[in-house]
Amino acid sequence: MISEAEAHRQAFIDFYRFVSLSSFSFSLVPTFSSPLLGCECNNHSNQCYFNPLLYLQSNNVSGGQCHACQHNTEGIHCEFCADGFYRYPGYGIDHPQTCQPCNCHGDGSIDPEKCQQYTDPQQNTVAGRCNCKENVGGDKCDRCRVGYWNFQASNPKGCEACRCHMLGTWENSGCDPMTGKCTCKRYVGGEYCDSCQPGYFNLTSSPLGCQPCACSPFGALGPECDRETGRCQCKQGFVGRDCGQVEDGYYVRPPELIVDQPRIPVDVPIESPAKDGSYVIVLAIDPKQFGPGDKWTITVEPKQLDSRCINRKYTVEVTRDTSKIVLPEVCLEAGKKTFVTIFAEPREFSPYASVLFADIILIPDDGDTGRIAEYCERYRSLSDQIARGEADPSSMPRQCEEYFRLPHIHWNETGMVTVHTSFLLYVACECNVTGSVSAVCDKRTGQCLCKPGVVGRTCSQCEPYHFHFSASGCTAGVTDILLFSYTLILSIFPYLCVACECDPQGSLSRQCDPLTSQCPCREGIEGRQCNQCRSGYWDFPRCRKCECNGMSDTCDQVSFNFQQSAG
């Protein structure tokens, strides 16, 4: 049987007894009068002892301190993890595995034996995260940070910086952490992925890196732009970042060719195909001023310089109802200068007739394209409407759906520009300073804004039945000023417009000569207005020849009575 003193000594090991300061004596073995209390060590120790300092600090509530904490814990109540361990968030404080090893990488961490104990968003701490060197990342400091490479223990910062541009590399990752090599995004170039590829601009963190220049094929000199600003180089008459806007004072006119001088061959350059092969060429035409009986014979010959292809000439008859000329089985080589020679020969025509060539289309010929082109081309306008969402796709014949899906090269979309004014894509407005409101015209039609009574694209002439072309416009009606000599009026009022007043029965046209005011007269008719028979003729407007049996050369223009010749 043990003594009471021995029992109290044993209590210092397994339990501690609650004592009051007044009952505590400074003898080697204090006197205990309170019951024994259990240690609060969170199941990490069963040993504790009385600590007078803790007792005082707790305001005489408790003085027990745990001893020999297990499970990698430490602290008065074994409530903390020891160095090299951290509190695992998934376990309670009393769990035997609540303290897990930090496992910090020795080459990348500042102190491999220390890591953050708790997860606290306000303190920006994460349980188990190690304290890494400057250029090292990862919770365990086991790899280089993004934008760094060459993980080395001998490097005080752990890794060295990549030379790659961060925004230009794949997934904005900088470089390969092992080799330091740069891997560029889709539209980024350069050894260090630091610039946009030609035709692209604005290097950003986007997945593709840069955005297309999208320079206007009509208004820009080429597809490339400034790689910082994206500004394209514009042709004269075009403005805007992409050169897609027409400058004030100009208007856009698609390339076109007007043949109004027959029997003169015209060479029209077109874009060369991308590969050798057989093609169909479609010429979209619009006969102008063709009457019911007007007919032209047009010969079209496809040509290429230094080409092995030999193509025949195609001859077609054009009337006012002709809208397309189809050339099947045309042999073309890639990369060769290509053009179409057009030769027009009128058979029966008005002197005012002409043929407008609005487009020349190049289509690959798979052997059957030439046959269906003649039929399907009548649906081209419908195809354009379907593409714009303005027509029902089911209204297109099925055999033509595939035809219009074939790649088409349009002459009026490729920007083929020559020195010949017929092919220019931009045209100066040239608004008449006297007859127009301003120098700016409609950028689609080129029509200037005219003053009252003034007409014409450039506002350069009076409206019919108007006169006195001046800075205030033209005046309607007829006044006594028409009684003066036209020549005198022009010398006094250089911008005066007066009515031609050509006689509709005696004139070939109601339009007179703008300088002399002479109307174009029919045979046997004369006068400025073509309103009387010539000398020797009578019966206006038929104006038959005077036949006086040799007694006279003239007769009365109304009664036919001959007039006796002098002498």
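**Exercise 1. Two aromatic pairs**

Task: Classify Y91 from its relative accessible area of 28%, then describe how the rings of Y88 and Y91 are arranged.

Solution. 
Step 1. Y91 has a relative accessible area of 28% in this predicted model. Buried means under 20% and exposed means over 50%, so Y91 is partly exposed.
Step 2. Y88, with a relative accessible area of 35%, is partly exposed by the same cut-offs.
Step 3. Six aromatic pairs are found when the whole structure is searched. In the pair of Y88 and Y91, the ring centres lie 4.9 Å apart and the planes meet at 50°. Planes under 30 degrees apart count as stacked and those over 60 as edge-to-face; the pair of Y88 and Y91 is therefore tilted.
Step 4. The pair of Y375 and Y379 is edge-to-face, with 5.6 Å from centre to centre and 65° between the planes. Y375 is partly exposed at 28% relative accessibility, and Y379 is partly exposed at 22%.

**Exercise 2. One side of a helix**

Task: Determine which residues of helix α4 (residues 380–387) are buried and where they lie around the axis.

Solution. 
Step 1. The buried residues of α4 are R380, L382 and S383.
Step 2. These residues span an arc of only 155° around the axis, so they are on the same side of α4.
Step 3. An α-helix has 3.6 residues a turn, so residues three or four places apart point the same way.
Step 4. Just after α4, G389 has a positive phi of about 75°.

**Exercise 3. A buried serine**

Task: Locate S45 and list the backbone atoms that its side chain approaches.

Solution. 
Step 1. S45 belongs to the loop between β2 (36–38) and β3.
Step 2. S45 has a relative accessible area of 15%. Since buried means under 20%, S45 is buried.
Step 3. A polar atom of the S45 side chain lies 3.2 Å from the backbone nitrogen of Q47. The S45 side chain also reaches the backbone oxygen of H67, at 2.5 Å.
Step 4. With neighbours within four places in sequence set aside, the contacts of S45 are H67, A68, C69 and C78.

**Exercise 4. Backbone exceptions**

Solution. 
Step 1. C530 is not a glycine, yet its phi is positive, about 55°. This residue is in the loop between β38 (525–526) and β39 (532–533). Its relative accessible area is 0%, so C530 is buried.
Step 2. C543 is likewise not a glycine and has a positive phi of about 50°. C543 lies in the loop between β40 and β41 and counts as buried at 7% relative accessibility.
Step 3. The peptide bond from F540 to P541 is cis, with omega near 10°. P541 is in the loop between β40 (537–538) and β41 (544–545).

**Exercise 5. The whole chain**

Task: State how many helices and strands the chain has and what share of its residues is buried.

Solution. 
Step 1. The chain has six helices and 41 strands.
Step 2. Of its 567 residues, 37% count as buried.
Step 3. Among contacts with a separation of 6 or more, 48% join residues 24 or more positions apart.
Step 4. The accessible surface of the chain is about 33,300 Å², and carbon and sulfur atoms account for 52% of it.

Technical notes: Residues numbered from 1 in each chain as written. Predicted model: local features only at pLDDT ≥ 70, side-chain atom pairs only at ≥ 80, totals over all residues. Heavy atoms only, no water. Helix = DSSP H or I, 4+ residues; strand = E, 2+ residues; numbered from the N terminus. Buried < 20%, exposed > 50% of the residue type's maximum accessible area, 1.4 Å probe, protein only. Contact = heavy atoms within 4.5 Å. Areas by Shrake-Rupley, 256 points an atom, 1.4 Å probe, with all protein chains shown as cover. Arc of directions from axis to C-beta. Polar contact = N/O pair within 3.5 Å; in protein donor to acceptor, adjacent residues only side chain to side chain. Phe/Tyr/Trp six-rings, centres within 6.5 Å; stacked < 30°, edge-to-face > 60°.
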